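Take a walk through this model, one stretch at a time. Keep the sequence beside you.

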Amino acid sequence: MKRVLTVLAAGVPLAAAVYLPTASAEPQTTTTSTPPACTAPSVKAPAGTEVESVTAVRQAGGTIHGSGILGGDVSGVPAFCQVTVTLTHPGDGDHAKVQTWLPETGWNGRFQALGGSAYGAGDNGVGLGTAVKNGYAATTTDAGIGDVLDTSWVLNSKGQVNSALLKNFASRSQHEAAVVGKAVVDGVYDRRAAFSYFTGCSTGGREGYMEAQRYPDDYDGILADAPAINWDEFEVATLWPQVVMNNEKTYPTGCELNAFTDAAVKACDKLDGVKDGLVNDASRCDFDPRRLIGTKVDCNGEELTITAADAAVVRKIWDGPRTTSGEKLWAGVPVGADLKGLANSERDTDGIVKGKPFQVPALWVQLFLKKDPSFDLTKITYSDFTKLFKQSEAEYDKVIGTDDPDLSDFRKSGGKLLTWQGDTDEYIPAQGTVQYHKQVERELGGSKRVDDFYRLFLAPNTSHCGLNGKDGSTDGLAALTAWVEHGKAPETLPATLINTNGEQVDRDLCAYPAVSRYNGHGDPSLASSFRCVSPSRH
């Protein structure tokens, strides 16, 4: 997670961070006189698949270096048995690898599956190593595709979307990993895991929600953070800032974008009752960017003046995608979020400023919608944008939308779903997650029926997957295991946040819809100085 800033600066997308959930819950360590033999177990093929191969290799542990663009590393990993099962779906020509890492000693009796990032279906090794270090037997799948930005699989030789591999990425490979991973644990340890968990952020978060919606019996608990649900809608929506800049022919610099964000945060900081460098409910911040027109901004020694055109662009980006007739399509970039994530631009060799789109939505539009890798995104008009948005919904909602609010089967199975998300998530607006939570409440008959198995926590001044180390930290997996294993539902989620001054502050994140409110006295850096109140009292 320490590499998040560097990776994002290099243009790596959506959850460009290795997901490292930890759990301090009381372990159930297995002690044996001799470690289990690291030999390939017999694995029954999940329905609709064939097992191509099963291998087992003892790994000494130590430091694990993450593969692919995300990289990263984790040290102090104990020796483990690495079992790799390769599956194929007859007739589809795919080869999906399911890796399961099993600690040689000190297994806590739990099973943990890990999700992916961007266009990568699974973990790159760092999350697996962290899970093993914490006593878990851990599983992930590559779904037969590639790294986080490897989209070479998307279009087949006929220029059509590879529906089999899309189905792998969207849903079936994660379920098959659950089946295979549990079987491997049983085969190596000669006993089943006492509890099974899924953890993931962004794409991994979407995969967690998919599990709850489609395969409610796979896991006892799901930690699905900053989830990329509503995939077919928000993927197009996150291209909106580029469409706005291209159509308005105005490209605010990074310095100017920061000035708008800083001014908005300063104006809305006191909404929670105290000036503490945090906006506790970004959706309530109604700062008008036109207030900055004429403001001078120092940008690396150059004085820039914010124009009416700059303010108009930011206003449209914050407001979010609309049709040409004004119909709201999706949430905009949250006020307080880093605008440079989606409204980035650069000057070419001829000195002309051009937009630099975020790769994940850019690839979605080029490959999945236009089926043309060379499609020029700068030519998208506002009218074209609406058509692309509607096309994405029509073609992909049922495949990868992951927005079914009927979680009744997951509730009946006894499963628990816990989610945290940054209120200033620059890539996936938290309002999409909030909207889904509301839909689940309507579907299941009210908040009380939902609170007993599904809780959402929003973190102020926290970027995409930020509580994994970039913008503070929280131990969501510990809260989830306590809920699953001991019935202790989390009323709040203790977290360390980073305010706009770069200072660490402690907060107890409130279960949605409650929001944090200053008590009127006490150190604003301490969680004890705040309480959770209903939005109507905020």
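Leaving aside its neighbours within four places in sequence, which residues is Glu-441 in contact with? They are Gly-446, Ser-447 and Val-450. Contact here means heavy atoms within 4.5 Å.

A word on the source. This is a predicted model, in which local features need pLDDT of at least 70 and side-chain atom pairs count only at pLDDT 80 or more, while totals for chains, interfaces and linings use all residues. Residues are numbered from 1 along each chain as its sequence is written, and side-chain values use heavy atoms, with hydrogens and water left out.

Stay with Glu-441. This residue sits in helix α12. Helices are DSSP runs (H or I, at least four residues), strands likewise (E, at least two), and both are numbered from the N terminus. Glu-441 is buried but has no salt bridge. Its nearest side chain of opposite charge is Arg-442, 7.1 Å away. Lys and Arg count as positive, Asp and Glu as negative; His and the chain ends are not counted. Buried means under 20% relative accessible area, exposed means over 50%, and partly exposed lies in between (1.4 Å probe, protein chains only). A salt bridge needs a side-chain nitrogen of Lys or Arg within 4 Å of a carboxyl oxygen of Asp or Glu.

Glu-443 is also found in α12, which spans residues 430-444. Its relative accessibility is 44%, so Glu-443 counts as partly exposed.

Now go to helix α6, residues 240-248. Why is this helix largely enclosed by the rest of the structure? Because 7 of its 9 residues are buried. They are Trp-240, Pro-241, Gln-242, Val-243, Val-244, Met-245 and Asn-246. Their cover includes α5 (231-237), α8 (308-319), β13 (353-355) and α10 (382-400). Just after α6, Lys-249 takes a positive phi of about 55°.

Next, the charged pairs. The structure holds 13 salt bridges. In one of them, Arg-58 pairs with Glu-104, with the closest N and O atoms 2.5 Å apart. Arg-58 lies in strand β1 (residues 50-59) and Glu-104 in the loop between β5 (96-103) and β6 (110-114), so this pair ties together parts 46 residues apart in sequence. Arg-58 is partly exposed at 47%, and Glu-104 is partly exposed at 21%. Asp-288 bridges to Arg-290 at 2.9 Å between the closest N and O atoms. Asp-338 and Lys-340 meet at 3.0 Å, N to O. Asp-319, Arg-322 and Lys-328 are linked in a network of salt bridges.

Finish in strand β1, at Val-51. Val-51 has 30% relative accessibility and counts as partly exposed. Leaving aside neighbours within four places in sequence, Val-51 is in contact with Val-43, Lys-44, Ala-45, Val-85, Thr-86 and Leu-87. Val-51 and Phe-195 are 144 residues apart in sequence and 25 Å apart in space, C-alpha to C-alpha.
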